[in-house]
Amino acid sequence: LFGPGIWVSDAYGVTGKVQPVAPSWGADGFNPFNPGGIAAHHIAAGTMWYGAAATPIELFGPTRYQWDSGYFQQEIERQVETSVNEGLSESQAWSRIPDKLAFYDYIGNNPAKGGLFRSGPMNKGDGIAEAWLGHPIFRDKEGRELTVRRMPAFFETFPVILVDKDGIIRADIPFRRAESKYSIEQVGVTVDFYGGKLNGQTFKDAPTVKKFARKAQLGEVFEFDRTSLESDGVFRSSPRGWYTFGHANFALLFFLGHLWHGGRTIFRDVFTGIGAEVTEQVEFGAFQKLGDKTTKKQGAV
């Protein structure tokens, strides 16, 4: 039972009071006199929306706001910092991060990355996630730790920019190499991996560093199987996005239905052909003989 509950009464409105109600998830929930159906509907429809993390993230995926606010990124960094303060090395600290938590911190799980006309499941986009490769930390030749600027939710492409702890741009992948000043090659950027499949590995060759910098734009770095489902690399929305889109349409149709039936009720006399001229005929006391216009009373007002 869930309480304090909802107002429950009988069909005649006599025994009404607030009662705790157990949701009815089966066919009996469609019985209009079963309050459990109301409770079940409110739990289902009222909480399972685009931005409500009350909906299980494991089933519906993260909300877009969790990417926008760096929600999982901050939690991962907090856990790593706690582990390092306990005396663990960075490698050990990152290795303690659950793959599931790291996967939430990946833009492909953001429902806002889908498109209205991109049909199919998420796996048809970037593929089937196989392994977390680990957390990449980039450094320039002067030893500064660099972070790749993450892609905002509504961008399809975004420049690869590496900034230091003060937010100063130290490296990038230039559009025009002839005018480049901060390229990976010029700045001498390397990447070290902590945790995941590539734990403890360092890459110094520019093509590999650039590959991982591009991946780091999208959050934590993962390995995907793109051949099994012939995934095309175009992101699809998550079940959370489809659920919301579907219910937004249902809500619109039901809203229009309420307007329609409300209009039918308010103007039912007009729809049935009874206008002002008819109501005058049947007004009580207006005619000596009901409905006979020739017997209209001529009394003083």
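Is Tyr-106 buried or exposed? Select Tyr-106 and keep that in mind: Tyr-106 is buried, as its relative accessible area is 5%. Buried here means under 20% relative accessible area, exposed means over 50%, and partly exposed is in between (1.4 Å probe, protein chains only).

**Before you click on**

You are looking at a predicted model, in which local features need pLDDT of at least 70, side-chain atom pairs count only at pLDDT 80 or more, and totals for chains, interfaces and linings use all residues. Residues are numbered from 1 along each chain as its sequence is written, and side-chain values use heavy atoms, with hydrogens and water left out.

Show the whole chain as a cartoon. The chain has 301 residues, and 36% of them count as buried. Contact means heavy atoms within 4.5 Å. Among contacts with a separation of 6 or more, 57% come from residues 24 or more positions apart.

**Stop 1: the rings around Tyr-106**

Two rings of Phe, Tyr or Trp (its six-membered ring) pair if their centres lie within 6.5 Å; planes under 30 degrees apart are stacked, over 60 edge-to-face, and the rest tilted. That rule gives a count of 12 aromatic pairs. For Tyr-106 and Phe-224 the ring centres are 5.4 Å apart and the planes sit at 35°, so this pair is tilted. The two come from distant parts of the chain, 118 residues apart: Tyr-106 is in the loop between helix H6 (99–104) and E3, while Phe-224 is in strand E9.

Together with Tyr-106 and Phe-224, they form a cluster linked by ring pairs.

For a contrasting angle, select Phe-155 and Phe-158. Their ring centres are 5.2 Å apart and their planes are at 80°, so they make an edge-to-face pair. Phe-155 is partly exposed, at 39% relative accessible area, whereas Phe-158 counts as buried at 18% relative accessibility.

**Stop 2: the cavity**

Rolling a probe the size of a water molecule over the atoms shows where empty space is left. On a 1 Å grid over the protein atoms alone, a cavity is a set of points where a 1.4 Å probe fits but cannot get out, and lining residues have an atom within 4 Å of a point. Grid points are joined across faces, edges and corners, and the volume is the space filled by probe spheres set on the points.

How many cavities of 30 Å³ or more does a search of the whole structure find? The search finds 1, and the largest cavity holds about 70 Å³ of space. To get there, select Pro-62, Gln-66, Trp-67, Tyr-104 and Tyr-106, the closest to its centre of the 13 residues that line it. Helix H3 (64–68) and helix H4 (71–85) are the elements that give two or more residues to this lining, and H4 gives the most, with 3 residues.

**Stop 3**

Select strand E4 (145–148). Strands pair if DSSP finds at least two bridges between them. E3 and E4 run antiparallel, joined by 2 bridges, and Arg-139 has Glu-145 as its bridge partner in E4. In their hairpin, which has 5 residues between the strands, look for Gly-143, with a positive phi near 90°. E4 also runs antiparallel to strand E5 (residues 161–163), again with 2 bridges; there, Val-148 stands opposite Leu-162.

**Stop 4: helix H8**

Select residues 206–216, which make up helix H8; its buried residues are Ala-206, Thr-208, Val-209, Lys-210, Phe-212, Ala-213 and Ala-216. Among the elements that cover them are strands E3, E4 and E9.

Zoom in on Ala-216, which counts as buried at 9% relative accessibility. Beyond neighbours within four places in sequence, Ala-216 is in contact with Pro-136, Phe-138, Val-148, Arg-150 and Val-221. Ala-216 and Pro-136 are 80 residues apart in sequence, yet 7.4 Å apart in space, C-alpha to C-alpha.

**Last stop: Ser-238**

Find Ser-238 in the loop between strand E9 (221–225) and helix H9 (239–266). Ser-238 counts as buried, at 1% relative accessibility. Not counting residues up to four places away in sequence, Ser-238 touches Phe-60, Asn-109, Pro-111 and Met-122.

How values were computed: Helices (H or I, at least four residues) and strands (E, at least two) are DSSP runs, numbered from the N terminus. On a 1 Å grid over the protein atoms alone, a cavity is a set of points where a 1.4 Å probe fits but cannot get out, and a pocket is an open set with protein on both sides within 12 Å along at least five of seven lines; lining residues have an atom within 4 Å of a point.
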